[in-house]
Amino acid sequence: MSSPPPSSCDILLRNCILLPPPTLSNSSVSETSTTATTTYVDIAIKDGIITAMSASPLPETMTVAYREIDLKHASLVSPPFVESHIHLDSVMTAGEPRWNESGTLFEGIDIWRERKQSLTVENVKHRALQALKEQAQQGVLFVRTHADVSEANLVALRALLEVRDLVQDWMTVQVVAFPQDGLYNSNSGHHHDDDVDVAASKSNEELLEQALQMGADVVGGIPHYELTREDGVRSVHRIFELAQQYSGRMIDIHCDETDDDQSRFLEVVAACAIRSHNGPRVTASHTTAFGSYNNAYALKLLGILERAQINLVSNPLINMTLQGRTDTYPKRRGLTRIKELWERRDAGINVSLGHDCIQDPWYSLGCGNMLDVAHMAIHASQMTGLAQINACYDMITWNGAKTLHIPTEEYGIDVGKPANLIVLNGTSRYDVLRRRATVQYVISKGKLICETSVPTTTWMTDIAPAG
């Protein structure tokens, strides 16, 4: 077998349309129309790093490549998509052991409680890897997954920690230790039940700490699912204590995922972040009750969030289907205030988007395409101005990277940065989102890991006169 010819770079992308990064001005980005910016560049990649990038063509000495791809001024080069919130332990289990007929969050939790009794490490790994491959081929290279740590055997956590390490050569995965059943909502450690000494088993609080000792990257929680308001507040304080205790771990809390306008744990999370001075490392996910708060309280809360500088994640696909189930009409959309939060980006509020679920007891649909998530956000939050549409693209790229606390020197397209990028058959954020464009090439750490052909259509007969 002959060796490859000597080259000045491993991959050379020619005639790319380079996606501009977002700005903090009144416009999300420098794109001021639905057509492309005319920034055409060549990008050279070697040893996992972007080594050169300039207006076409690059100097002749840099253009010998092992793999050269000419995009012909028709494809957009973007940083990879970021999945800010998903549950890989439950993916692809829809209908097991039964279907969620009510479509509610709480029936989903009940079904999952049954299903997770039969989880095995190998089964979780198989499904999680399948989901990650589907996401990678659609441009996702950074993922934050939640692992249920409410079972004493910690099967989900052990499996996802293994998956994190298995995919590290082509995908970055963060694992959240997530007490699905609440920290203080279980019977463990509190009483005797017939002949079984329940006190001999670990409480969810102890399991959460054990998960951190095993290597979970992020501390999670679900205060609105605790038995009382007081327990919920207590759980938030304990989460911050554990994050500090374990080397300043990041925090990602399922927060106020309910239509109840009296569920107000987001203010507790924000207050703890202010006092702990760790806002950029803190994320509040879902916060759907925010959409039901009266405007006077919502305005106050927005001010608190500006001080806290925390991240917020909305999961529009699932929350559009889970929330509003107890409403007749008018029926709430069930999302947090995405637009209002985005409008305060200059003040430091960061909003990103996630799937949450793919084919599981809470959401039976989904294929891992982040463009579907952003597309739903545009509709459900009425983000239909051009700057707003562009912003929804940023919520699955740059904003997601900020949520995952990825260093700025490790995300984005520039010389010296890791060569993590995707190529889409589109010309702008608007064009890509409108058509949910195909991700043609996925380059991770300087290696081309996926290539997908753009679908083509051939008309077999003329149905209208030309012109």
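I began with two helices. Helix α2 (residues 121-136) packs against helix α3 (residues 155-166) at an angle of about 45 degrees, and their axes are 9 Å apart. I note here that the model is a predicted one. Two packed helices are described by the angle between their axes and the distance between the axes. Are α2 and α3 parallel or oblique to each other? Angles under 35 degrees count as roughly parallel. I therefore wrote down α2 and α3 as oblique to each other. The crossing of α2 and α3 is right-handed.

Next I listed who meets whom. From α2 I found Val121, Val124, Lys125, Ala128, Leu129 and Leu132. They meet Val155, Ala156, Arg158, Ala159, Leu160, Glu162, Val163 and Leu166 in α3. I sorted the residues of this contact by class: 11 are nonpolar, none is polar and three are charged.

I moved on to α6 and helix α7 (residues 295-308). Their axes come within 9 Å and cross at roughly 25 degrees. Angles under 35 degrees count as roughly parallel, so I recorded α6 and α7 as roughly parallel to each other. α6 passes α7 in a left-handed crossing. On the α6 side I noted Leu266, Glu267, Ala270, Ala273 and Ile274. On the α7 side I noted Tyr297, Leu301, Ile304, Leu305, Arg307 and Ala308. The contact of α6 with α7 holds nine nonpolar, no polar and two charged residues.

I also checked arginine 275, which is found in helix α6 (residues 266-276). Is arginine 275 buried or exposed? Its relative accessibility is 65%, so arginine 275 counts as exposed. Arginine 275 and alanine 308 are 33 residues apart in sequence. In space, their C-alpha atoms are 8.7 Å apart.

**Aromatic rings**

How many aromatic pairs are there, with ring centres within 6.5 Å? I have a count of seven aromatic pairs. I looked up phenylalanine 106 and tyrosine 225 among them. Their ring centres are 6.0 Å apart and their planes lie at 15 degrees, so this pair is stacked. The pair links distant parts of the chain, 119 residues apart. Phenylalanine 106 is in helix α1 (residues 105-115). Tyrosine 225 is in the loop between β9 (218-221) and α5 (229-245). Phenylalanine 106 counts as partly exposed, at 41% relative accessibility. Tyrosine 225 is buried, with a relative accessible area of 14%.

Then I took tyrosine 293 and tyrosine 297. The centres of their rings are 5.0 Å apart and the planes are at 80 degrees, so I noted the pair as edge-to-face. Tyrosine 293 and tyrosine 297 are both buried. I also found one aromatic cluster, formed by Phe142, Trp398 and Tyr411.

**Buried residues**

I went back to α1. Which residues of α1 are buried? They are Leu105, Glu107, Gly108, Ile109, Ile111, Trp112 and Arg115. What do the buried residues of α1 pack against? I found α2, β7 (140-148) and α8 (316-322).

My last stop was serine 444 in strand β15 (residues 439-444). Its relative accessible area is 2%, so serine 444 is buried. Leaving out residues up to four places away in sequence, I listed what serine 444 touches: Leu141, Asp169, Trp170, Met171, Ala419, Asn420 and Ile449.

Technical notes. Residues are numbered from 1 along each chain as its sequence is written. This is a predicted model: local features need pLDDT of at least 70, side-chain atom pairs count only at pLDDT 80 or more; totals for chains, interfaces and linings use all residues. Side-chain values use heavy atoms; hydrogens and water are left out. Axes are lines fitted to C-alpha atoms, for helices over the stretch in contact, and angles run from 0 to 180 degrees between N-to-C directions. Helices (H or I, at least four residues) and strands (E, at least two) are DSSP runs, numbered from the N terminus. Angles under 35 degrees count as roughly parallel, over 145 as roughly antiparallel, 65 to 115 as roughly perpendicular and the rest as oblique. A crossing is left-handed if the near helix is turned anticlockwise from the far one by less than a right angle, and right-handed if clockwise. Contact means heavy atoms within 4.5 Å. Ala, Val, Leu, Ile, Met, Phe, Trp, Tyr, Cys and Pro count as nonpolar, Asp, Glu, Lys and Arg as charged, and the others, Gly among them, as polar. Rings of Phe, Tyr and Trp (its six-membered ring) pair if their centres lie within 6.5 Å; planes under 30 degrees apart count as stacked, over 60 as edge-to-face and the rest as tilted. Buried means under 20% relative accessible area, exposed over 50%, partly exposed in between (1.4 Å probe, protein chains only).
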